[in-house]
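Me: I would like to go through this model by question and answer. Please begin with the term needed for talking about packing.

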Amino acid sequence: MSQTARTRPEGSEQALSEAYDTALLDLDGVVYAGGNAIAHAVESLGIARSGGMHLAYVTNNALRTPDAVAEHLGELGIPTDAGDVITSAQAAARLISEQVPAGARVLVIGGEGLRVALRERGLEPVESADDDPVAVVQGYGGPDLRWGRFAEACYAIARGVPWFASNTDLTIPSARGIAPGNGAAVEVVRIATGAEPQVAGKPLPPMHRETILRTGAKRPLVVGDRLDTDIEGAFNGEVDSLLVLTGVTDGAQLLAAPPRHRPTYVDADLRGLLTGQPAIVQEGDGFRCGGWTATAGSERLELTGEGEALDGLRALCAAAWTAAGDGTCALEGAKALARLGL
């Protein structure tokens, strides 16, 4: 797919909740972290929903079922139907169902979310490589997933059974910090077998297809905290995206983002859904947003002015992405980010 490289975040005169019909929201790092609601998330989503925006929750975490996720969101004060939760387990189950016979057995390396998704597609989850599975599916199984489960996957794959992964996120946010994600577990099986899985989750097309099929979104806005899953998934699906800075992405990573990792909009948190976005204006060699002007020097990014820190970050993105073109910006930006407290 060929797309023009984005050189700056876009502006919007309308509030994003009015400009788009559906928010496709990541969960970990966007709505909650370690099970607790992120600041401003509950009230912001409530206002967006009351204004007519459809809220759908799209997660690469295949452990929990949509019912469990919806229940958790309700406990946080975000009323949610299970049908508004789309998981990588569902995307993986659809992908498998298109390649194996109806009613086929599938070896599950993961949690209940995968089992429920497979049954929804008319497939039978099994626990052992000796149960004659026709496929293996691997998803996040929580911190207590036993090492022996990886061995079962290896036994089946060695017999020629196709291998599917819900997602390959190497890390997952938790209340105590960043923990290993399903991608780390997938690497264990990959190293042991030399095989390559078919991957369903963000940023790959099966997840975007599953999301659109289930939500019916016409003007979707992907909202996430990760450049390599949420934002790249929006790029692959050719839809707009909002990066919020409540999860794993920091200012330095954003400035260095290659084209497929550059979001349409950048904001601090989910309050960004409720407002317009400031325009970035090119003035000579510089880019102005609010009271800040950013330029790309020979060795580093320069920032002058004063005002809201986010406006300075948006201006720096424009300078960095323009300088990088189709590549990654190699200019030093730490001093400019420090001025913004980022």
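Reply: Contact here means heavy atoms within 4.5 Å. The model is a predicted one.

Me: Within what arc do the buried residues of H3 fall, seen down the axis?
Reply: Pro-66, Val-69, Ala-70, His-72 and Leu-73 are the buried residues of H3. They line one face of the helix, because seen down its axis they fall within an arc of 160 degrees.

Me: Which residue with positive phi follows H3?
Reply: H3 spans residues 66-75. After the helix comes a residue whose phi is positive, near 100 degrees, and this is Gly-77.

Me: Is Met-207 buried or exposed?
Reply: Met-207 sits in helix H8, residues 205-215. Its contacts beyond four places in sequence are with Val-58, Thr-59, Asn-60, Ile-86, Thr-87, Ser-88, Ala-91, Ala-200, Gly-201 and Lys-202. The cut-off for buried is under 20% relative accessible area. Met-207 has a relative accessible area of 1%, so Met-207 is buried.

Me: What relative accessibility does Trp-292 have?
Reply: Trp-292 belongs to strand E18, residues 292-296. Its C-alpha atom is separated by 20 Å from that of Thr-275, which is 17 residues apart from it along the chain. Trp-292 counts as buried, and its relative accessibility is 5%.

Me: What is the radius of gyration of the chain?
Reply: The secondary structure comes to 12 helices and 19 strands. For 342 residues the globule rule gives 20 Å, and the chain is close to this value, so it is as compact as a globular protein of that length; its radius of gyration is 21 Å.

Me: What share of the contacts with a separation of 6 or more is between residues 24 or more positions apart?
Reply: Of the 342 residues, 53% count as buried. Among contacts with a separation of 6 or more, the share from residues 24 or more positions apart is 70%.

Me: How far apart do the centres of the positive and negative side chains lie?
Reply: There are 28 positive and 44 negative side chains in the chain. The centres of the two sets lie apart by 2 Å.

Terms used. Residues numbered from 1 in each chain as written. Predicted model: local features only at pLDDT ≥ 70, side-chain atom pairs only at ≥ 80, totals over all residues. Heavy atoms only, no water. Helix = DSSP H or I, 4+ residues; strand = E, 2+ residues; numbered from the N terminus. Rg over C-alpha atoms; globule rule 2.2 N^0.38 Å. Buried < 20%, exposed > 50% of the residue type's maximum accessible area, 1.4 Å probe, protein only. Lys, Arg positive; Asp, Glu negative; His and termini not counted. Charge placed at Lys NZ, Arg CZ, Asp CG, Glu CD. Arc of directions from axis to C-beta.
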